[in-house]
Amino acid sequence: MVEVAFFFGAIGALGGAIAVVTLRNPFYAVLALVVHLVFLAGIFLLLLAQFIAAAQIVVYAGAVMVIYVFVAAYVGGIEEPMFDSAPQLRIFGPILAAALFIEISIAVLGSSLIGLGSEGVEKVESGFGTPEAVGKLMLEDFLIAFEAASLLLLVAAVAAIVLAGRKKQSEEAG
Amino acid sequence: MAIEWYLVLSALLFSVGFTGVLIRRNPVVVLLCLELMLSAGALALISFSRLHGDGDGQVFVLMVLVVAACEVVVGLGLVVAMFRRRIALDVDEMKELRG
């Protein structure tokens with residue numbers, strides 16, 4: 001049963017990812033990424049990460065993708081002539097990516113993973129991955145990281161306003 | 001279900017995102033492919049978290065979500081600024097760090 005769910009999620013996530021890379025219209029690419037993220041959240045559920053799966057759907061597939069949709073609509077659907085300017089990258093890109101895939105697989109699978117037992121820990125503590133457990137970890141063990149994250153979000157919000165905000169005079173003149 | 005399957009899937013998704021960053025030219029799509037790479041990294045973190053039965057990896061994934069949100073906001077702000085200044089939305093054209 002788990003296998004069926006995994007392969008269903010894997011095919012969906014991979015299909016969404018490939019669609020993001022290959023679709024020409026950026027608007028459709030954004031929608032393909034939403035599909036990818038929803039399937040990936042399903043895979044997170046299989047790994048007992050309920051809270052992360054919910055956060056992924058709400059924050060990523062919801063909020064972040066809305067920004068993408070707005071920007072894609074704002075700049076217009078530019079149908080890019082796909083691999084025009086750099087034909088050498090059309091060949092080398094996938095080759096490099098395949099090499100990277102093999103390399104990561106060797107690095108991850110060839111590590112001492114087998115010694116740990118590949119099924120993972122038999123019994124996780126009850127409540128593993130629930131909002132309660134994650135929140136407790138976050139506010140007790142990782143409090144400084146949590147505060148730093150809030151500061152980072154504030155800085156990013158200010159940066160976005162500075163970058164994309166409309167200047168009154170100089171913009172019109174320049 | 002062995003954890004290796006999840007790790008291989010994560011590597012595969014990362015490579016697909018990497019291909020997109022290399023071959024696409026629209027900055028919005030390049031940012032989307034960066035998101036693919038980040039979510040592949042998140043999948044690997046959650047797999048290891050499950051492997052060890054330890055919640056630290058999940059907290060780290062939340063941090064990745066925060067960083068991804070910041071990256072999106074700044075990146076899309078740059079795209080909007082480029083569009084306003086009528087700079088071509090093509091990463092190959094962006095060779096100089098001049099306004």
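In the predicted model, Asn26(B) sits in the loop between H1 and H2 of chain B. Asn26(B) has 22 C-beta neighbours inside 10 Å, and 20 or more are needed to count as buried. Asn26(B) is therefore classed as buried.

Of the 26 residues of H2(B), 21 are buried, so the helix is largely enclosed by the rest of the structure. Gly53(B) follows H2(B) and has a positive phi, near 65°.

Chain A contains eight helices and zero strands. Its pattern along the sequence is α-α-α-α-α-α-α-α. Chain A has 174 residues, of which 23% count as buried. Contacts in chain A between residues at least 6 apart in sequence were also sorted by separation. Of these contacts, 56% join residues at least 24 apart.

Within chain A, H2(A) has 21 residues, which should span 30 Å at 1.5 Å a residue. The end C-alpha atoms of H2(A) are 31 Å apart, in agreement with that expectation. Just after H2(A) comes Leu48(A), with a positive phi of about 60°. Leu48(A) takes this positive phi although it is not a glycine. Its place is the loop between helix H2 (26-46) and helix H3 (50-75) of chain A. Leu48(A) has 19 C-beta neighbours inside 10 Å, whereas a buried residue needs 20 or more. Leu48(A) therefore counts as partly exposed.

The two chains meet along an interface in which 61 residues of chain B are in contact with 72 residues of chain A. On the chain B side, helix H1 (3-23), helix H2 (27-52) and helix H3 (56-84) each supply at least two residues. H3(B) gives the most to this side, with 20 residues. By class, the side of chain B that touches chain A has 42 nonpolar, twelve polar and seven charged residues.

H1(B) packs against helices of chain A. One of them is helix H1 (residues 2-22) of chain A. The axes of H1(A) and H1(B) are 9 Å apart, at an angle of about 10°. The two helices are therefore roughly parallel, a class that takes angles under 35 degrees. Residues of H1(A) that meet H1(B) include Phe6(A), Ala10(A), Leu14(A) and Val21(A). Among those on the H1(B) side are Trp5(B), Leu9(B), Val16(B) and Gly20(B). The contact of H1(A) with H1(B) has 13 nonpolar, three polar and no charged residues.

Helix H4 (residues 87-109) of chain A also approaches H1(B). Their axes come within 9 Å and cross at roughly 155°. Angles over 145 degrees count as roughly antiparallel, so H4(A) is roughly antiparallel to H1(B). The crossing of H4(A) past H1(B) is right-handed. By class, the contact of H4(A) with H1(B) has 18 nonpolar, four polar and two charged residues.

Technical notes: Residues numbered from 1 in each chain as written. Chains lettered and ligands numbered in written order. Predicted model: local features only at pLDDT ≥ 70, side-chain atom pairs only at ≥ 80, totals over all residues. Contact = placed C-beta atoms within 7 Å. Helix = DSSP H or I, 4+ residues; strand = E, 2+ residues; numbered from the N terminus. Nonpolar A, V, L, I, M, F, W, Y, C, P; charged D, E, K, R; others polar. Buried ≥ 20, exposed ≤ 12 C-beta atoms within 10 Å, placed from the backbone. Axes fitted to C-alpha atoms, helices over the stretch in contact; angles between N-to-C directions. Parallel < 35°, antiparallel > 145°, perpendicular 65-115°, else oblique. Left-handed = near helix turned anticlockwise from the far one by under 90°. Expected span 1.5 Å × (residues − 1).
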